[in-house]
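Work through the following exercises with the sequence and the model open. Each task is followed by a solution in steps.

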Amino acid sequence: MRREDRRLLDLQAYHDGELSGLRRFFVARRIARDPAARRELLALRALGRELRSFDARLGEGDPALWSALRDQLPTQRRPAAEGSARRPRFGMRAAGWLGAGLAAAAAVAVALAVLPNPGDLSPPGSLRWLRSDGYPAVVLQDDREATIIWVLEGSDNAGALEKSKQRPEGPAGPAGTTGPVRPISPADLFGRAGGALA
Amino acid sequence: MSQALEGPSDEEAIGRVLSGDSDAFRVLVERYQVRAHRLALRVLRDEDAARDAVQEAFLKAWSALGRFEGRSSFYTWLYRLVMNQCLDARRRDKSGRHVALDEGGALEQARGVDAEPDPEVDGVPFGPAAAVQRRQLRQGIAAAIEALPESARETLWLREVDGKSYAEIARTLGIPKGTVMSRLHYARRQLRERLLEDGLVSAPE
């Protein structure tokens, strides 16, 4: 891209309110110092005004539109949410952000592992809360075939799992060290021996 | 533009419609019908056809509202419905009854309103000579807009008239943000060159 094109695109982005921070500052400074840039900006503004004024002359729409529509709506298929999945996602989005914020604030990552049942741990449907060297985990004995384990991994206790599994060194680092939070695989949890967590 | 800016948000209105409150749809109709109508008029250049297209688009929006997922704004979604409706109408109607945008005030005449220019612009009154000049400028702009490729025209309109950000335009038209910037640059340059050629604006000193 030619330097002149870059300059014009910057001016355009400034006019459209698309620049922020330092770039906006530098373009504003150039406009203040360079009469040609100032004229260019004024021309952009004038053109925008003319277009909006032109558009306004295209009319105010159809004031009777709602009346016409209202009479026809009953004959149309009634809109309906198809279960919760068809509701607008605004609420979900907000809840997602809230959840993400809470998760970040707590500095906790949740790893989920569905594991082949290594043995007869507990009755199906039972829930156990474990704590091993400060490393919390929830174990759901789903059925005789699988055990679901939620491991709550914090940066201050990463690696504790390795200790609990009596592995000399695991992917999260040696026991007692801190490390990045990451999902945990079944192999991480049960090691090569495939033993029980508790 | 007489948009209903007050009242429930789009999201609230949609939620109410989906819960069975049909009247909540009125909020959306009244909020966006002017923009939708102008969009249709720009594409179809025929008052009746534009009115029909907007009506059809709102009926489609009503029927499909349950599928609206809120990934984009309601207007972005409606924009696509109106645009599709207009393109369908244009394909169906090859009669050539369309008039050029503002060609000799044809749109105003078709609407039966006074084709005289407003007595003031931006709050500043002006006399008959300025009014003629203004009318010429408007016609010049109409012709220059007419000469633009449709893609550039719509991009420019979404930015200057609807006030959409580059990211919103990119989402609405399904194009990259860089393309939005280059289309805007191209459209503006073309318009200005055309207006300069016609002597309707003066060149920067």
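Residues are numbered from 1 along each chain as its sequence is written, and chains are lettered from A and ligands numbered from 1 in the order in which they are written.

**Exercise 1. Confidence**

Task: State the mean pLDDT of chain A and of chain B, and locate the stretches where pLDDT is below 50 in chain B.

Solution. 
Step 1. pLDDT is the predictor's confidence in each residue, from 0 to 100. Chain A averages 63, with 36% of the residues scoring at least 70.
Step 2. In chain A, helix α2 (residues 21-33) has the highest confidence, at a mean of 93, and helix α6 (residues 160-164) the lowest, at 38. Helices (H or I, at least four residues) and strands (E, at least two) are DSSP runs, numbered from the N terminus.
Step 3. For chain B the mean pLDDT is 80, and 78% of the residues reach 70 or more. Below 50 lie residues 103-118 of chain B, with 15 contacts in the model beyond near neighbours in sequence, and residues 121-125 of chain B, with 5 such contacts. Two residues are in contact if their C-beta atoms, placed from the backbone, lie within 7 Å.
Step 4. Where pLDDT is low, the predicted coordinates should not be read in detail.
Step 5. For the complex, the predictor gives an ipTM of 0.70 and a pTM of 0.56.

**Exercise 2. A helix pair between the chains**

Task: Describe how helix α4 (residues 65-72) of chain A packs with helix α3 (residues 47-64) of chain B.

Solution. 
Step 1. The axes are 11 Å apart and the angle is about 45°. Axes are lines fitted to C-alpha atoms, for helices over the stretch in contact, and angles run from 0 to 180 degrees between N-to-C directions.
Step 2. That angle makes α4(A) oblique to α3(B); angles under 35 degrees count as roughly parallel, over 145 as roughly antiparallel, 65 to 115 as roughly perpendicular and the rest as oblique.
Step 3. From α4(A), the contact is made by A:L65, A:A68, A:L69 and A:Q72; from α3(B), by B:V54, B:Q55, B:F58 and B:L59.
Step 4. These residues divide into 6 nonpolar (Ala, Val, Leu, Ile, Met, Phe, Trp, Tyr, Cys and Pro), 2 polar (the others, Gly among them) and no charged (Asp, Glu, Lys and Arg).

**Exercise 3. Burial in chain B**

Task: Is B:R45 buried or exposed, and which elements cover the buried residues of α7(B)?

Solution. 
Step 1. A residue is buried if 20 or more other C-beta atoms lie within 10 Å of its own, exposed if 12 or fewer, and partly exposed in between; C-beta atoms are placed from the backbone. Of the 205 residues of chain B, 39% count as buried.
Step 2. B:R45, in the loop between α2 and α3 of chain B, counts as buried because it has 22 C-beta neighbours inside 10 Å. Its phi is near 55°, a positive value in a residue other than glycine.
Step 3. Most residues other than glycine have a negative phi.
Step 4. In helix α7 (residues 150-160) of chain B, 9 of the 11 residues are buried, among them B:W157 and B:R159. Their cover includes α3 (35-56) of chain A together with α2 (25-44), α6, α8 (166-173) and α9 (177-197) of chain B.
Step 5. B:A142, in helix α6 (residues 128-147) of chain B, counts as buried with 20 C-beta neighbours inside 10 Å.

Methods. This is a predicted model: local features need pLDDT of at least 70, side-chain atom pairs count only at pLDDT 80 or more; totals for chains, interfaces and linings use all residues.
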